[in-house]
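Student: I would like to learn how to read pockets in a model. Can you take me through them?

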Amino acid sequence: MADVYYFVSDLHVGGDEQLQKCEFETEFVEFLQTLESADEDAELIILGDAFGLWEFTETNGIAKFDELVNHHPKLFEQLRETGESIDITLIPGNHDAELAGYTEYIERLREFNVILDPTLSLVRTVAERKIWIEHGMQQDAHNRMPDFGNPRANPLGYFVNRHITSKAGQLSGRGRYNWLKDIQSLTPLEEIPDWIASNYFYREMSPFLRYAALPFLLLFNVSFIYLVVLLIGDSGLFGANAATRVTAEILRDLGFVGSLIEFVFFVNLVVVSLLFVISIPLYFFIRDARKTLERFDLVRSDEPTENPDAPYVKAAKNVFEEYPDVAAFIYGHTHRVSLTPVGERVIINTGTWLKRLHRTPTWVGLLPPVYYPSFQLNYFRIGEEDGNVVVEYHTIEKDAPNELTLLQRLLSRKPKSDPKIPDRTVIEGSEKTVVESTSEE
């Protein structure tokens with residue numbers, strides 16, 4: 001057993017064509033170099049999804065590993081060098097579950113001083129307390145392994161990735177911008193339609209069409225308000241008739257620009273009227289179709305109200321109840337880094353090193369949302385200090401890629417940063433109580 005443990009997950013290295021590019025490879029190699037030079041008895045544990053084996057569709061089995069090594073020689077060479085100084089342990093996630101299906105992977109990874117432990121969970125001991133470690137896919141109904149270790153028994157998520165994510169990697173280079181490959185960074189998957197619509201409008205649409213449609217979309221909400229004012233004005237209520245006359249005078253004073261705005265208002269009013277007429281029969285059709293889909297259990301009857309992390313919290317609490325000496329439950333999979341105290345213990349999500357996309361609405365109008373990119377490269381370090389379990393959270397700086405167009409930046413506001421995770425959390429070794437949780441300002 002080591003004195004200290006480092007935890008990372010969800011690197012998703014590899015895949016078809018554009019997915020082979022690893023945007024954080026330099027930072028991860030430097031992280032491995034830091035561990036190599038550290039004077040401590042340490043173990044690095046990678047909690048699954050180190051590799052995007054699901055995203056390979058043109059190679060099979062152990063040949064995927066050859067592709068990984070050929071495309072990322074610096075990464076694997078550094079794994080070899082770091083593995084000479086500390087232990088590096090890897091468990092499979094759902095995207096690389098076939099690591100548990102072919103014994104050849106154990107031998108090939110051993111060539112690079114990586115110990116493949118083809119199990120669903122691990123346990124390590126710190127200050128006489130246990131640390132429970134798993135990837136987390138077994139708590140996800142869409143990605144739960146039906147027969148772990150069988151490379152031909154795959155969940156629904158496998159087919160989604162094989163036919164959507166992998167195809168995106170193959171096609172991404174054909175766009176005006178190389179954006180389609182980032183589909184693997186998008187969570188939840190329900191965002192895919194809006195994300196595609198956003199990138200089509202801001203990046204792929206003909207500039208002539210985009211800027212021709214822009215004033216109509218920007219002023220759509222204003223046009224709707226103007227329609228309401230006109231209707232109320234005709235009724236003579238609330239002085240809206242006077243407001244209509246003032247608006248008309250202002251537009252006339254603006255000359256050509258005013259005429260253009262008035263034209264936009266007119267077109268939008270026509271569109272609003274048509275949508276209103278169409279929406280009446282369309283409402284009954286959609287309602288009837290939805291009831292049919294609900295009978296076949298193809299859609300939920302109600303919007304989900306459960307916290308997306310609830311299954312993992314439940315799993316952690318079950319582990320805490322069954323094994324009272326477990327001080328921390330660590331998982332990955334969801335790409336949402338977090339540290340959550342639960343009574344005398346903590347639940348840790350190791351997040352992801354992939355690019356993250358943050359949905360941000362535009363200021364006005366009916367424009368598609370903007371997805372701001374960022375990186376949150378991080379790792380957790382757990383060790384013993386004065387008989388206590390000490391959890392440290394570390395981040396590695398990486399600037400957000402400058403991928404947004406000028407129009408996207410003008411029409412939206414940069415999203416707020418995620419809630420800060422404590423830099424240091426102490427769990428008493430004997431009393432089993434979280435006694436300290438601090439963050440550096």
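Predicted model: local features only at pLDDT ≥ 70, side-chain atom pairs only at ≥ 80, totals over all residues.

Student: How much space lies in the largest pocket?

Tutor: A pocket is an open set of points on a 1 Å grid over the protein atoms alone, where a 1.4 Å probe fits, with protein on both sides within 12 Å along at least five of seven lines. Its volume is the space filled by probe spheres set on the points, joined across faces, edges and corners. Here that is about 1,700 Å³.

Student: Which residues are closest to its centre?

Tutor: Lining residues have an atom within 4 Å of a point. Of 46 here, the closest to the centre are Asp140, Pro188, Leu189, Glu190 and Arg336.

Student: Which element gives the largest share of that lining?

Tutor: Helices (H or I, at least four residues) and strands (E, at least two) are DSSP runs, numbered from the N terminus. α5 gives the largest share, six residues.

Student: What about the second largest pocket?

Tutor: The second largest pocket holds about 790 Å³. Its lining has 29 residues, with Ser374, Phe375, Gln376, Ser417 and Asp418 nearest the centre. β13 gives the most to this lining, four residues.

Note on methods. Residues numbered from 1 in each chain as written. Heavy atoms only, no water.
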